[in-house]
Structure formats: C-alpha cells, structure tokens
Amino acid sequence: MLTQFYPPIVGGQERHVRDLAHALAARGHEVEVATIATNGDDGTSLDDAVPIHRIRTTAQRIPRLYTDPDRPHALPLPDPELRAGIGRVLGERRFDVAHAHDWIVNSLLVPARRTHTPVLLTQHDYSHVCATKRMMRGDLVCTGPELVACIRCAAAKHGPVVGPGVALANFAGRRARRIAVTNFVPVSETVASRTELVGANHYEVIPNFVPDHILVDPASLDDVDRTGAPMLFVGDLTMDKGVGVLFDAYRLLTKPPPLLLVGRVLPETPADRPTGSELLGPTHPDQVLALMRGASIVVVPSIVLDACPTVVLEAMAAGRPVVASASGGITDLVDDGATGTLVPPGNPSALARALDSIIADPTMALAMGRKGRERVSAYTASAIAGRVEGLYRQVVSGANGVSGAN
C-alpha cells in the first residue's frame, strides 16, 4: 500500500490507509506500506505487524518547494528517489497488488510495470483530473478539466511558476494513469463522475470507513438529553470547508450552544470568530471521538465537493445527528431527514435553520443519532475491508473491470 502521508501525520486519508492496512493484516494478508519520509525518519519500521517503508524524495531537496515542509506531499509526476525507493521495495519480494492512495501513484507506475504488479488507485479527491484536487474554480464548482482553466487555477493556488508546472504535469500524468492503473477506486459516485471514470470499465466505488470498535453501544443512546451540549466541527478551518458559512450561521442562531472547532488553523481561517466559538486546533483522533460523543450536533458545512468525509461516518458511529452540505459524496452518506439534515452549500440562513431545528427538538436529534448508528454499520472496517479484499482477488485473477459497482 502506498500513500504520501502516514501516521503520526494526522488526517483522514492517513487514518484510512492505516486502518485499512491493519484490517487487511487482521484478515491474514501480508501488508506493507510505502510512504514519504518526514523529519529524517527514512528507513523501515513496524507499526504493530505492518512494515512501514519511509522514503526520501528528490522534491524534498528543492528549497522552498513546499509551503509546509512538514507535509512534503507527492507531486503529479514521478519523483526519481521516490520511484527508486518504491522499486527497491517491490523488487525485494513478490506483491500481488500495489494499492496507491494519491499522487504517489505516479512514482509507482514504472516499478510496478517492471515487476508486473497490478496497480489500484483509491481516489480520495479529484487529483486525477484537477491540479488543485478541489474541483473548484475560485468559489464555484468546476464544470470539468480544461487545460487553460486548470493552469489558471493551479497558478492561483501554487503560484505563477509552480502552478502551471503542476497543472501541465497532472494533465500529462492523467493519460499515463489511465493506461497503467489496473483499477480505479473512487470513494464516491461524485468522484467517479467528476474524474471522468463513468463509462470506463475499470473502476469500483468503495467508500471510506470507520474502525468497528468506535461504534457506540446503541443502548448508550437511550434517552440521553444533550440540551446545551456543544456543536462540533472537525476539519481544516478553511473557507472550502465552510468555516466562514458556519460562523455566519452561528451568529443567526437564537440560543446557540458552544461551537467547538477541531482542525488546523490556516492563513485563510476567518479571524472574526463569533462569541461562543472555540478553536481547539489539531486534536488526537481518540479525543475527537470523545468530543463527538459529547456533542449535540456534528456540522459539515463544506462548500467544496467533499469526496467522502470520514467525519460524517465518525459522527454517525458516535450516534450524533449530522447537519451537512448537500454536495459531493456527503449525499451518499447522510439520509436527509433520517440521520441528519442536508442544506444547500454556502447558505448560512439554511444552515442556521437546520441547526435551530435540531437544537429545539432533542427527541428528533436522538432519533437521528440512532438512525445514523444503524446506517454506519455498512461503513465499518470489517465491511469495507471485505470489499477491498474481493477487488484484490478479481485483480489478481485478471477479472478486473468492475464498472461502477457499489
């Protein structure tokens, strides 16, 4: 398995890869992970029984390439040292499949071809066709990749020198990936359609998941009154994630409970914070789960087309109602009116009305939490790992080409 980041780096994809690797290992598979080395931690170590190969990249040696040197992400083109390191790992033993999770796949393709290793690519975002990964043009949802528009978007995000290079490299890499990747694995139907996989014969939608052990006991939800308990937001505190909309909506609430926000504070995080809100910063996943279990509502107000936000699944696992934007893969997860409420993205008034409605009706909130707890059983590690395992068997047997299966 290959991913640009792996714990202790904190993030949804990092947790997904770790949890999937351990779930497959628990089912009797031999799993190894290759990732980018950070802070001089290159080499091989063990995460329980899973070997982790941390590889230095050539890109890390380029001064000022990364705005955050602690997160040296994979680039949309092969990296010489990363490709060589992956080649060494693949050359040391025979692997049945190589399962990549982001642009690290670009450094995998040549070593995989040389070792005749089938390649799977899980798409946690839109990076297959979008150089900024967000599928947005400014504040609007992108209608589709166009080279000139992509160059402009990339330049706005990455700068006038790096941005066009990223866009052009990703444009060229898309063709190589289409040819060399055995099966694409988008995490939602939205990702499949937006990355132009619909109609292709080599993709299967497999969503994100949560570990089985974090699901609360349904009996613990009986008649629990969370009146006055805080609302919770989890994610990067960016405009894309709807933090600005959430702040505006919170100011409209009549009697709001406290609003807790967990995640990285970035330059674009609004400085004008409403009274009653509190920024907790990056928080350990176990503490995030504890905060969810004590929350009245979990809010996911994304403006960007969130691919398949794990925070929604974690909220349902905690038995909490979800108020979220009706966009991206969120609509696959939230059953509007049953496990939570969906609102138009970017609409503070609609968001405030939805929050007020649940705050004012603890009985409805409790019912939504229970329904969410029931629904999330289809999104556990045991359920999803079995689907991944089945796809591996198809690929190894040569029976790839599962088009659009859910």
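## How much is tucked away

Of the chain's 406 residues, 55% count as buried, where buried means under 20% relative accessible area, exposed means over 50%, and partly exposed is in between (1.4 Å probe, protein chains only). Keep in mind that this is a predicted model, in which local features need pLDDT of at least 70, side-chain atom pairs count only at pLDDT 80 or more, and totals for chains, interfaces and linings use all residues. Residues are numbered from 1 along each chain as its sequence is written, and side-chain values use heavy atoms, with hydrogens and water left out.

## Overall build

The chain has 13 helices and 15 strands; helices (H or I, at least four residues) and strands (E, at least two) are DSSP runs, numbered from the N terminus. The radius of gyration is 21 Å, close to the 22 Å that the globule rule gives for 406 residues, so the chain is as compact as a globular protein of that length. That radius is taken over C-alpha atoms, and the globule rule is 2.2 Å times the number of residues to the power 0.38. Along its principal axes, the C-alpha trace spans about 60 × 50 × 45 Å.

How much of the contact comes from residues 24 or more positions apart? They account for 64% of the contacts with a separation of 6 or more, a contact being heavy atoms within 4.5 Å.

Helix H7 (residues 243–252) is mostly covered, with 7 of its 10 residues buried. Those buried residues are Val243, Gly244, Val245, Leu246, Phe247, Ala249 and Tyr250. What do they pack against? The list is strand S10 (231–234), strand S11 (259–262), strand S12 (277–281), strand S13 (297–300) and helix H11 (348–359).

Now for H11 itself. Its 12 residues reach 16 Å from first C-alpha to last, close to the 16 Å expected at 1.5 Å a residue; the expected span is 1.5 Å times one less than the number of residues. In H11, Ala350, Leu351, Ala352, Ala354, Leu355 and Ile358 are buried. An α-helix has 3.6 residues a turn, so residues three or four places apart point the same way. The cover over H11's buried residues includes S10, H7, S13, strand S14 (322–325), strand S15 (340–343) and helix H12 (362–375). At its N-terminal end, H11 is capped by asparagine 347, with a side-chain oxygen 3.2 Å from the backbone nitrogen of serine 349.

## Charged pairs

Side chains of opposite charge can pair when their charged atoms come close. The count here comes to 16 salt bridges, each being a side-chain nitrogen of Lys or Arg within 4 Å of a carboxyl oxygen of Asp or Glu. In one of them, glutamate 81 and arginine 61 have their closest N and O atoms 2.8 Å apart. Glutamate 81 sits in helix H2 (residues 80–92) and arginine 61 in the loop between strand S4 (50–55) and H2, so the pair ties together parts that are 20 residues apart in sequence. Glutamate 81 is partly exposed at 26% relative accessible area, while arginine 61 is exposed at 51%.

Another bridge joins aspartate 306 and lysine 241 (2.7 Å, N to O). Aspartate 306 is in the loop between S13 and helix H9 (310–317) and lysine 241 in the loop between S10 and H7, so this pair ties together parts 65 residues apart in sequence. Aspartate 306 is buried at 8% relative accessibility, and lysine 241 is partly exposed at 26%. There's also a network of salt bridges linking Arg18, Asp47 and Asp48.

## A buried charge without a bridge

Aspartate 125 lies in the loop between strand S6 (119–123) and strand S7 (136–137). This residue is buried yet has no salt bridge; the nearest side chain of opposite charge, lysine 133, is 4.6 Å away. For that label, Lys and Arg count as positive and Asp and Glu as negative, with His and the chain ends not counted.

What does the side chain of aspartate 125 make a polar contact with? Its partner is the side chain of serine 127, at 2.7 Å. A polar contact is a pair of N or O atoms within 3.5 Å; within protein, one must be able to donate a hydrogen and the other to accept it, and residues adjacent in sequence count only if both atoms are side-chain atoms. Leaving out residues up to four places away in sequence, aspartate 125 touches Lys133, Val191, Thr195 and Ala307.
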